[in-house]
Amino acid sequence: MGNEVGSGTGSTAEAAGVTDALVAAVEDTIRAVVAAEVVPRWRHLSDSDIAHKSGPYDLVTTADRRAEELLTERLAALVPGSVVVGEEAVSADPGRLDLLRGDDPVWVIDPVDGTAAFVRGDDGFSTLVTLVRGGLPLASWTYAPRLGLFATARRGQGAYLDGRRLHTAADRDRLRVWTSNPVYRNEEERAVLDRLAAAGAETRPCRTSAGLVHLEVARGLADGVAFFWEAPWDHAAGLLLIAEAGGTSLTASGEPFRLTGGNALPFTAARDEDTARRIIGLMARDQDWTVPEPAAVRR
């Protein structure tokens, strides 16, 4: 097995030193940082607190920056020798993404996932943290303070929401799929996503937090996602939640999603392998890419 996201046969979190004490310490750290730097700024941002990065929809706030700074300092102290790949740090230095390919433990941080929602005053934002080693997610934490949700996952040990074990949905006739926000997509990509709705799937664009959409799949409220971007801070935590709840990920090439990048897009994370293949297959219809048979999919 490579560094694909999923339960698979890779090392468990316990074997890699992700203890109950560490999981609790990280949760306490996240709650404290969010309480200090994020929640007080919700619906209290000034114009000077908001800036644009790559485009009109790519926002960053003082809350993002301050929360990432504190999380970087405190999380690195919890695991000696660990390094950090944070959304805002990578925005300033894209080369930091290469740390995901190294041997050191890596904290992947999205300080405010759903920054646009946060700026609007919507409560659908979250803070996402994942501990990764060798490109493999070992544990993840997903916190939505205004919704009162805290989810955790450990590789090989399950996914939990507020202490309750999570399981993906059982089969149902009509697929419920979250899709990439159309405002970020080009015409061809929007047409690919439209195929899901044309095939009878119930689709809904993600306009808030990708991490919370992944959580909906892990807790059985949705069947899958169909996304066109691969930023690890947006997906790492949720993909581990889904995998540990019984689901899987699949890219357009028929391979599981890799946090280290280079994925064939779009990709899905879905309640099970059959559903993942169904979603990718519907999007591939009439395209010049096809999904390999199951035997060709690396586990």
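Predicted model: local features only at pLDDT ≥ 70, side-chain atom pairs only at ≥ 80, totals over all residues.

Biologist: Okay, so where is Pro256 found?
Modeller: Pro256 sits in the loop between strand S13 (248-251) and strand S14 (267-270).

Biologist: Is that proline buried or exposed?
Modeller: Buried: the relative accessible area of Pro256 is 6%, and the cut-off for buried is under 20%.

Biologist: And how far apart are the C-alpha atoms of Pro256 and Thr268?
Modeller: They're separated by 9.0 Å, with the two residues twelve apart along the chain.

Biologist: Switching topic: which residues have the most contacts inside the largest nonpolar core?
Modeller: Leu166, Leu215, Val225, Phe227 and Leu241, in a core of 37 residues. Several elements supply at least two residues each, among them strand S4 (106-113), helix H6 (210-218), H7 and S14.

Biologist: What is Val225 in contact with, leaving aside its neighbours within four places in sequence?
Modeller: Its partners include Val177, Trp178, Val213, His214, Phe267 and Ile279. There's also a second, separate core of 29 residues, which includes Val18, Val34, Leu131 and Leu138.

Biologist: You mentioned H7. How many of its residues are buried?
Modeller: 13 of the 13, so H7 is largely enclosed by the rest of the structure.

Biologist: What span should H7 have, and what are its end C-alpha atoms apart?
Modeller: At 1.5 Å a residue, residues 232-244 should span 18 Å, and the ends are 18 Å apart, which agrees.

Biologist: What follows H7?
Modeller: Gly246, which has a positive phi, near 115°.

Technical notes. Residues numbered from 1 in each chain as written. Heavy atoms only, no water. Helix = DSSP H or I, 4+ residues; strand = E, 2+ residues; numbered from the N terminus. Expected span 1.5 Å × (residues − 1). Buried < 20%, exposed > 50% of the residue type's maximum accessible area, 1.4 Å probe, protein only. Core = buried A, V, L, I, M, F, W, Y, C linked by side-chain atoms within 4.5 Å. Contact = heavy atoms within 4.5 Å.
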